[in-house]
Every structure is written in C-alpha cells, then in structure tokens.
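Try each task before you read its solution.

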Amino acid sequence: MNPNKKRLRRTMMFLNAQKPGLIKDPYIYKPDSIMLDLEDAVAENQKDAARFSLYHALKTINYRGCERVVRINGLDTPYWREDIRCAVAGGCDSIRIPKTESAKDVKVVEEEIIKAEKDFGREEGSVLIMSAIESARGVMHALEVCEASDRMFGIALSGGDYTKDLQTHITGTGIELMGARQNMVIAARAAGVQCFDTVYTDLDDMDGFRQDVENIHLMGFDGKSIINPRQIPIVHEIFTPTQKDIIFAEKVVKEIDTKKAQGIGVFTVDGKMIDIAFYDGAKRTIELAKASGVYKGDL
C-alpha cells in the first residue's frame, strides 16, 4: 500500500493551476495538501495553458512536503485524459475526480493513471485517487466509490453542486448538507478511507467558519477543503488534539495495556469508566498528535 494513503490531511487548499502567482509558494501557509485545479477555475479556452503551468510547477517547485493533488476536468469533457497524463508526468501525488457517481468512474480514471505511470516512468501505484461527491446519486453511491480502487484515499463533498442537485442552496446553517455529510463519513469509515468537507466561501464570517469546522469535526470528518490561507489555522487548531486530549489518551493506552495483562477488563481513568473499546480511539488520538507534530510522549 502507498504509505501516503493515510497521511495527515486536515486542510486541502484550492489553487488555480493556471496562475503562477498562486501555485509558486503555497507551502508557506502550511496546508497539509494543495489542490491544483484544472477544472472549474480554468476557462474553457485556457485548459492547455493551465496544463503547461501545472506541469512546470510540479517539475520545478519544491512544495516542502505538501501533498500535491490535481483536480482534473470531468469525465464528460474532452480534457480529462490529457489532464491525467500531464499531472502524472509532472509528478503529482494524487488525482481528484470531479462529479464522481459510481465505481465505474473511478476505474476509468485508474486505467488512465496506470497507463500514464508506465509511459512516464512513475512507480506503479505511486499516484493516489480521491473522488469529489457532487450529486444526490454520488452520495447514494458513496460506499461503492470508496471501495472502487486500492488507490482511493478519500472522498470529498462539493456542497455547491450537491445543493443544486438537491434543489436547495447553501444556507450557512449546514442543515442542507447534513444528510450528505453523515452518509459520506459513514461510507468512508466503512471502506477505511478519509472524508473531507466542502469549502466555506464567506471569508468575512470567520466565526461562522469556525462553527462549521467544529461541526464537521464532531461528525467524524478528517479535514476540510479551503479557499484561503486565513482558514488554515482554524482548521488545524480544531483538528489537532489538545494536550489534555493527548494526556488522557496516553493514560488510557497505558492503563489498558497494564490491566489487560492482569486480566482486568473494566477500570477508571480520571474518574471515567474505561474498557477495551476505548483503546483504538486513544491510539488514534496519539497517532494524530504525532502526525500534527504536537506529541512529546513516549508511546
């Protein structure tokens, strides 16, 4: 398995692949991933220019460990195959499939990635896949999308297109997204992949943005798509375990390891009743803290 499949992805920042000023140094803001966009951000008559810019950026810029995901054009357009070839030749880490509605969509893209890896001397399996869910049908088929390929690392909600398909609109309350969000998280967890929330477009409402991020964190998402560097610190703060969380997780892991050896199944930590069911969650907290660079313990 590609070791990057489970990497830390709290923030994924959208950037127009055609604009050198945007894509030359986004790593200075420290997003976990960048989304180099060849689709909606690029005008119809500028697709070739955007690919040219993308290829040379991937070839020449050191993104300092920031994951480089390329959003290709839709499978109903004449552009997506060349998008894949350009991105793979340049050295991208992942391909994002827009408007995914079935396992077939994923498999078609995977076949093209395999061809491109061979043609451009990339290691087999080195290019991962993620899928954007943008319709009611896509939400209903989320599990089959998640399980369509071993390269699949996650799915992401595209709220604007989804709400149009649902015949509603973005309200800022999250009510119109609730069903899709929960269904997608459940599907992702069942398949063992990650799940990412849609963008929040009102840059003047940072309090609303914080509330939105807190809500999706509680729902079980792994991270959020973003459109501006100002949004990064809030997402990272909410999705990074606090020292209080870490200390409690350490106690749980150590106590369960000790008590299990003694044949004890139920006990208390800081006044809370704990059993073996808490173990995996505590281990996940510690692993997330390590990946986020805030763990100072010895587990």
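**Exercise 1. Find which strands helix α10 lies across, and its angle to β1.**

Step 1: Locate helix α10 at residues 232-239. Helices (H or I, at least four residues) and strands (E, at least two) are DSSP runs, numbered from the N terminus.
Step 2: Axes here are lines fitted to C-alpha atoms, for helices over the stretch in contact (heavy atoms within 4.5 Å), and angles run from 0 to 180 degrees between N-to-C directions.

Before going on, note that this is a predicted model, in which local features need pLDDT of at least 70, side-chain atom pairs count only at pLDDT 80 or more, and totals for chains, interfaces and linings use all residues. Residues are numbered from 1 along each chain as its sequence is written, and side-chain values use heavy atoms, with hydrogens and water left out.

**Exercise 2. Trace the order of the strands in the barrel.**

Step 1: Follow the 8 strands, which close into a barrel in the order β1-β2-β3-β4-β5-β6-β7-β8 with parallel pairing. Two strands pair if DSSP finds at least two bridges between them.
Step 2: From one strand to the next, the twist averages 25°.

**Exercise 3. Is threonine 11 buried or exposed?**

Step 1: Find threonine 11 in strand β1 (residues 11-16).
Step 2: Its relative accessibility is 1%, so threonine 11 counts as buried. Buried means under 20% relative accessible area, exposed over 50%, partly exposed in between (1.4 Å probe, protein chains only).
Step 3: List its contacts, leaving aside neighbours within four places in sequence: among them are Pro31, Asp32, Ile232 and His236.
Step 4: Zoom in on aspartate 32, whose backbone nitrogen lies 3.1 Å from a polar atom of the threonine 11 side chain.

**Exercise 4. Explain why helix α3 is described as largely enclosed.**

Step 1: Count along α3 (residues 80-90): 8 of the 11 residues are buried, so the helix is largely enclosed by the rest of the structure.
Step 2: Name some of the buried residues, including Trp80, Ile84 and Val88.
Step 3: Look for what covers them, which includes α2 (47-60), β3 (67-71), β4 (94-97) and α4 (103-119).
Step 4: Finish at glycine 91, which follows α3 and has a positive phi, near 110°.

Conventions
A polar contact is a pair of N or O atoms within 3.5 Å; within protein, one must be able to donate a hydrogen and the other to accept it, and residues adjacent in sequence count only if both atoms are side-chain atoms.
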